[in-house]
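Dear colleague,

I am passing on the structure we spoke about, and below it you will find notes on what turned up in it. Please read them with the model open beside you.

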Amino acid sequence: MKKLPILLGIGLLACSTAAVAQKTKVKIKTDGPVPEATAPTDAPVQTAPAHAPKAIPVAEYYQGGQEAMYAFIEKELKYPVMARRNRIQGQCIVSFTLNTDGTMSGIKLVKNIGGGCGEEALRVVRLLKFNKPDYAILTSLPITFKLPAPAKPPQLSNFAHSNNCFFLCPTT
């Protein structure tokens, strides 16, 4: 029973020491003048494009590299009817082992977004042909399902009014 207040006191002491250490300012001695902080410029920040997929390690064993692999996937991928009807979008992740002879084994679905997308992702990954790596590689491959943007309807701006009936006339 006497140990509880002692342990509680040690815990409080440790917490307060950490809090004091965070508030302590450290001065650094420099030989030259201290550079002034500059205001941020209007120069654009370079970021990776949103559509560029992350580097996939196994893609280097695909003939043509990662761009060719994703071009093949995009060409072969058929959007499932159920997913299109229910407007399902997202990423399915397929995991597999690339063996030393270039074959794939242990192909399994790690993340499924539903609507038949997982089965389609498995089908497309099974079609991929890889070169022979020096060692077996366990990897995951994201397959993105994104519906195309809906086509915009023609602009209707001229209204003609006749006998309480509106006629829409497309602009030319």
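Helices (H or I, at least four residues) and strands (E, at least two) are taken here as DSSP runs, numbered from the N terminus. This is a predicted model, in which local features need pLDDT of at least 70 and side-chain atom pairs count only at pLDDT 80 or more, whereas totals for chains, interfaces and linings use all residues. Residues are numbered from 1 along each chain as its sequence is written, and side-chain values use heavy atoms, with hydrogens and water left out.

Let me begin with Thr139, which is found in strand β3. Thr139 counts as buried at 8% relative accessibility, where buried means under 20% relative accessible area, exposed over 50% and partly exposed in between, with a 1.4 Å probe and protein chains only. If neighbours within four places in sequence are left aside, Thr139 is in contact (heavy atoms within 4.5 Å) with Ile56, Val58, Val94, Ser95 and Phe96.

The structure also holds four aromatic pairs; rings of Phe, Tyr and Trp (its six-membered ring) pair if their centres lie within 6.5 Å, and planes under 30 degrees apart count as stacked, over 60 as edge-to-face and the rest as tilted. Tyr62 and Phe130 make an edge-to-face pair, because their ring centres are 5.9 Å apart and their planes stand at 75°. This pair links distant parts of the chain, 68 residues apart, with Tyr62 in the loop between α1 (3-23) and α2 (65-76) and Phe130 in the loop between α4 (117-127) and β3 (137-145). Both Tyr62 and Phe130 are buried.

A further edge-to-face pair is formed by Tyr79 and Phe145, at 5.7 Å centre to centre and 90° between the planes. Since Tyr79 lies in the loop between α2 and α3 (81-85) and Phe145 in strand β3, the pair ties together parts that are 66 residues apart in sequence. Tyr79 is buried, with a relative accessible area of 15%, and Phe145 counts as buried at 1% relative accessibility.
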